[in-house]
Every structure is written in C-alpha cells, then in structure tokens.
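Here are my notes for you. Please keep the structure open as you read, and find each residue as it comes up.

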Amino acid sequence: MTEIEAERGGKCKMQPNLLLIAALLAAILLAAFVSGLLVGDWKPGIVGRLKVWLGVQPRMFDNQNPYYRSKLAFFRQTAGVADAIMLGDSHIEGIDWRELFPDVKILNRGISGDTSEGVLNRLDEVIGRHPKIVFLMIGGNDLQMGVPVPLVDANIRSIVQTLGRQGIHVALQTTLYKTSGYWPQINNKIDELNRSLSDLCTTPDVSCVDLNQALADGGALSSLFSLDGSHLNTAGYLVWKNEIIGLFPRRHGVSDLPQ
C-alpha cells in the first residue's frame with residue numbers, strides 16, 4: 001500500500017468517528033431538552049453545561065475566560081482607593097452600587113461568571129484599594145460547575161482570612177438561592193455551603209448577612225425578586241441595600257464597623 005492510499009484510508013476511518021461523536025452530542029442535547037420539558041427543569045444553562053463537559057464550548061465559569069481577564073486587566077489599570085468594595089460574581093456586578101450608596105466611596109469588583117478561585121486570584125488588587133470593609137458574595141458558579149462544597153468552603157475561608165490579615169473587615173453574604181426548578185438540587189448545595197461557613201459569623205472581623213432570609217420563599221429565591229431565576233431584579237437589589245446599609249463605614253468621623 002502506498003503512502004497516499006494509507007493516508008486516504010486513515011481519513012476514511014476518521015470521518016465515521018466524527019459523525020458518531022456529532023450524532024451522540026445531538027442525541028444528548030435533544031434528550032436534555034425533552035426531559036426538561038417533561039419535568040419542568042429545562043433551562044438553557046443545562047445545554048451549556050453539557051457542551052462544557054463534552055469539550056465543545058469553553059468554560060464560562062473560570063478565571064481564564066476572556067471576560068474575566070478583560071475585567072481584571074481594567075481593574076488593575078485604574079487608580080484609587082475605596083472605603084468599601086463589593087466583591088464577587090454577576091450578583092455583585094449587576095448593579096451600580098455607587099447609585100445605591102452615593103455617600104460611600106465604593107467600588108464594584110464583581111465579575112460575571114467568577115468563582116471562589118477566581119476571587120482568590122485577584123485579591124491583591126482588592127487589598128491594594130485599602131478598603132475598610134469588603135462585601136463578599138461568591139460560590140454559586142462553583143456549585144453549578146460541580147465543584148465540591150468543601151473546596152468552595154476552603155476557598156471562601158482563604159479569601160476571608162487573607163482580607164482579615166490585612167485588617168479589612170468582611171461582610172460575608174450568603175450565596176443566593178435560585179428560584180424553584182432553576183437547576184435541579186442547586187439550592188440544596190447552596191444550603192450546604194452556607195451552613196458550612198456559618199461558624200465564620202462568630203469571628204470578630206466578619207459580619208454575616210443572610211440575604212436568603214430576606215429574599216427567599218420556601219427555600220428558594222422568590223420570583224418577586226428574580227430577573228431570570230438566578231439574578232436579582234431592581235426590587236431584589238433594594239432589599240439587599242436595606243440589609244447591608246448599617247454596615248458601611250461613615251464617610252467622615254468614627255467608623256460604624258463592628259469592633
């Protein structure tokens with residue numbers, strides 16, 4: 001057999017394999033769609049997750065995607081300090097905190113799709129702003145990716161401890177529930193994570209804010225406060241504002257932070 005014939009034979013063998021893989025992917029996505037319609041758990045995010053697992057779509061939730069890198073590059077290239085920093089994922093990024101708290105020198109350090117590992121990776125930029133307090137919410141994307149709760153717990157503890165060593169008070173906000181049926185079993189994982197971190201609430205340099213208590217209905221995010229089943233609408237952010245307003249340091253004079 002000549003080299004050309006061998007090459008042609010190899011290509012012929014590869015083509016059926018590619019067709020088989022494509023057919024398998026289509027069958028999996030179709031099954032996810034049909035089962036979702038039947039049981040009521042259909043969400044577009046399920047398709048995205050399958051694509052990630054099968055290696056046909058880049059991860060949306062990690063600290064290597066282009067959006068994360070672009071946002072972090074912007075943060076690092078700006079100057080200035082802040083009294084308070086809002087730190088986390090899309091829940092943090094999704095509102096202009098300066099509009100909600102015009103009398104506070106505040107920075108938004110939320111990045112959509114970020115994880116606990118991603119926040120750890122960029123803490124130096126946050127610390128460099130010399131905030132008196134950091135309002136932290138992170139962990140939801142980790143859980144949707146399937147990261148084990150103990151690992152998310154460990155990352156969040158590292159974030160809190162690193163900030164504490166710099167004399168920065170942390171307002172640890174509970175990871176928010178999703179609405180009922182948004183993602184199978186996700187609220188159980190969120191409960192597990194929030195419970196596992198509850199002992200941090202007894203730490204002098206940590207204040208805990210249970211946002212689920214104000215925003216939840218029957219162990220799930222209330223649809224009254226939900227934009228899309230996961231993120232908050234305007235009413236939800238206004239509730240959030242009321243839950244944390246007493247923790248901000250005063251613009252002038254003695255700090256209101258817990259001693």
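**Notes on aromatic rings and one loop serine**

1. Start with the kind of model. This one is predicted.

2. Look at the aromatic pairs. There are seven of them in the structure. Take Trp97 and Trp240: their ring centres are 5.0 Å apart and their planes meet at 75°. The pair is edge-to-face because that angle is over 60 degrees.

3. Where do Trp97 and Trp240 lie? Trp97 belongs to helix H5 (residues 97-100), while Trp240 is in helix H12. The pair therefore ties together parts 143 residues apart in sequence.

4. Are the two Trp residues buried or exposed? Trp97 has 1% relative accessibility, so it counts as buried. Trp240 has 0%, so Trp240 counts as buried too. The cut-off for buried is under 20%.

5. Now widen the view. Trp97 and Trp240 are part of one aromatic cluster. Phe101, Phe135, Tyr237 and Phe248 also belong to that cluster.

6. Check the charges over rings. Lys241 places its charged end over the ring of Phe101, 5.9 Å from the centre. Phe101 is one of the cluster residues. Arg109 lies over the face of Phe75, and the distance to the ring centre is 4.0 Å.

7. Finish with Ser226. This residue is in the loop between helix H11 (211-215) and helix H12 (234-244). Why does Ser226 count as buried? Its relative accessibility is 14%, and the cut-off is under 20%. Which residues does Ser226 touch, leaving out those up to four places away in sequence? They are Thr179, Leu221, His231 and Asn233.

Technical notes
Residues are numbered from 1 along each chain as its sequence is written. This is a predicted model: local features need pLDDT of at least 70, side-chain atom pairs count only at pLDDT 80 or more; totals for chains, interfaces and linings use all residues. Side-chain values use heavy atoms; hydrogens and water are left out. Helices (H or I, at least four residues) and strands (E, at least two) are DSSP runs, numbered from the N terminus. Buried means under 20% relative accessible area, exposed over 50%, partly exposed in between (1.4 Å probe, protein chains only). Contact means heavy atoms within 4.5 Å. Rings of Phe, Tyr and Trp (its six-membered ring) pair if their centres lie within 6.5 Å; planes under 30 degrees apart count as stacked, over 60 as edge-to-face and the rest as tilted. A charge sits over a ring if NZ of Lys or CZ of Arg is within 6 Å of the ring centre and within 35 degrees of the ring normal.
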